[in-house]
Amino acid sequence: MSRPRPAHPSGPGQTPSPSAGLAAVSTALLAMSRHLEVRDVLKTITASARELLDAQYAALGVPDDHGGFAQFVVDGVSDEQWRAIGPLPRQHGILAAMLHDEKAERLADVRKDPRFEGWPSAHPDMSDFLGMPIRDGDETLGALFLANKRCCAPEGGCGFTERDEELLRLLAQHAAIALTNARLYERSRELTIAEERSRLAHELHDAVSQKLFSLRLTAQAAATLVDRDPARAKGELQQVASLAAEAADELRAAVVELRPAALEEDGLAHTLRTQIQVLDRAHAARVTFDNLGVRALPPAQEEALLRVAQEALHNALRHSGAGRVDVVLERRGQGAVLRITDNGRGFEPSLVRRAGRHLGLVSMRHRASGVGGRLTVQSAPGEGATIEMEVPGG
C-alpha cells in the first residue's frame with residue numbers, strides 16, 4: 001500500500017551526497033534485518049528499494065516451480081488498485097528475464113521493449129524501468145522491479161541511472177541474505193514445532209496409559225468386591241471416577257498444547273491466559289497469570305514468548321513438584337518481560353547447563369536469542385525457580 005514519502009535527502013532535483021546515500025542504504029539494510037518472517041522480509045525489501053531509489057512503484061516476485069509466482073509483493077499501489085489488477089502475473093516478458101538471467105535490466109521505456117506483452121487494464125501506467133535478480137549463488141530467489149523514477153524535470157520522468165543500478169544491486173545482495181535467513185528461520189520453526197508435537201505425543205501416551213492402566217485395575221477390583229464387600233466396592237468405584245477425571249484432564253491439557261495457538265487472532269496475553277486456565281484445572285498445582293500492560297509485540301517475538309512459557313510451565317508442573325506456578329507478562333520500555341516462577345524443588349543452573357538439553361533450557365535460550373531477546377534462569381536446590389525472558393519489542 002502506498003505510504004507518505006519522506007523528502008529527498010538533498011532537496012528536489014539534487015543529487016544526494018555520498019553520506020546521504022550511505023545513510024539511506026544503511027537504513028534499508030537495518031530494516032531488512034529486523035524481520036524473521038518471509039512475508040515481512042519481502043515487504044520490507046520492496047518498500048526499502050522504492051524509498052532508496054525514489055521510484056513511484058516497486059515489486060518483488062518469488063517464483064514457483066510452475067511458471068508463476070509463489071509470492072508477489074508490491075509497494076506504491078493501494079490495496080484497492082491491487083485487487084482491481086487481478087491474479088498474480090505469470091513469468092513472461094521482462095519478469096521472466098529477471099528470473100532467468102543474471103543481469104539487471106534498465107530501460108528508458110518498458111513499453112517499447114520487444115519483450116513487453118502489456119498489462120491488465122487496471123494496472124498503473126509505467127515507463128522507465130529497473131529490474132534486478134535476487135540471487136543466492138546459482139539460485140534465483142526472486143527479482144526486484146522498479147518503475148517511474150521520480151524527479152523534478154518539467155518534461156516528466158528522469159529514468160534510472162547507472163548509480164541507481166549499483167545501489168539496487170547492493171540492496172539485492174543483502175536482500176538475498178535476509179530472505180535466506182528468513183527461510184531458514186521458518187524451516188527451523190517448523191522442525192521445532194514437529195519436535196514439540198512428538199514430545200507431547202509421547203508424554204500424552206505415557207500419562208494417559210498410566211491412568212488408564214490404574215483405572216482398569218481399580219475397576220476389576222470393584223467388580224470382585226461388589227457382592228462380598230459392597231462398601232469397599234463403592235470406594236473403588238469412587239477411585240475409578242477420580243482416575244477417569246484425571247485422564248480426561250490430561251487429554252484436555254495435551255490437546256490445548258497440540259492445537260496451534262491463535263496468536264494472530266487473540267494475541268499473546270489472551271492465548272497465554274487461556275492455556276494457563278486449562279493447566280490450572282488439569283493439575284494439582286495452582287497456576288496463575290497476570291498481564292501488566294503488554295498489548296501487541298512483533299509476531300516472531302510473541303511466538304517465542306509463548307513457546308518459552310509452555311516449556312517452562314511443562315518443567316514446573318511435571319518435574320519440579322511445585323504447588324504454585326505464577327506467570328507474569330510485564331511491559332518494559334518498548335518490549336516485554338515474561339516471568340515464570342515456581343515454588344518447586346529447584347535445581348542448580350550450572351549443573352543443568354552442563355547437562356545439555358535437560359529442562360529445555362538450551363531450546364529456550366535459542367528461542368530468546370533468535371528474536372533479539374535474552375533468557376535468565378534463577379534457581380537453587382529447595383528454593384524453586386524463576387525463568388525470565390525479555391524481548392525488545394518492535
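**Salt bridges in the predicted model**

The side chains of R106 and E165 form a salt bridge with an N to O distance of 2.8 Å; the term denotes a side-chain nitrogen of Lys or Arg within 4 Å of a carboxyl oxygen of Asp or Glu. Helices (H or I, at least four residues) and strands (E, at least two) are DSSP runs, numbered from the N terminus. R106 is partly exposed, at 38% relative accessible area, whereas E165 is buried, at 15%. Buried stands for under 20% relative accessible area, exposed for over 50%, and partly exposed for values in between (1.4 Å probe, protein chains only).

The structure is a predicted model, in which local features need pLDDT of at least 70 and side-chain atom pairs count only at pLDDT 80 or more, while totals for chains, interfaces and linings use all residues. Residues are numbered from 1 along each chain as its sequence is written, and side-chain values use heavy atoms, with hydrogens and water left out.

In total, 16 salt bridges are counted. One of them pairs R111 with D125, whose closest N and O atoms are 3.0 Å apart. Both R111 and D125 are placed in the loop between β3 and β4 (129-136), 14 residues apart. The relative accessibility of R111 is 35%, which is partly exposed.

A salt bridge also connects R286 to D280, at 2.9 Å from N to O. R286 is partly exposed at 44%, and D280 is partly exposed at 23%. Finally, a network of salt bridges links K103, E105, D113 and R115.
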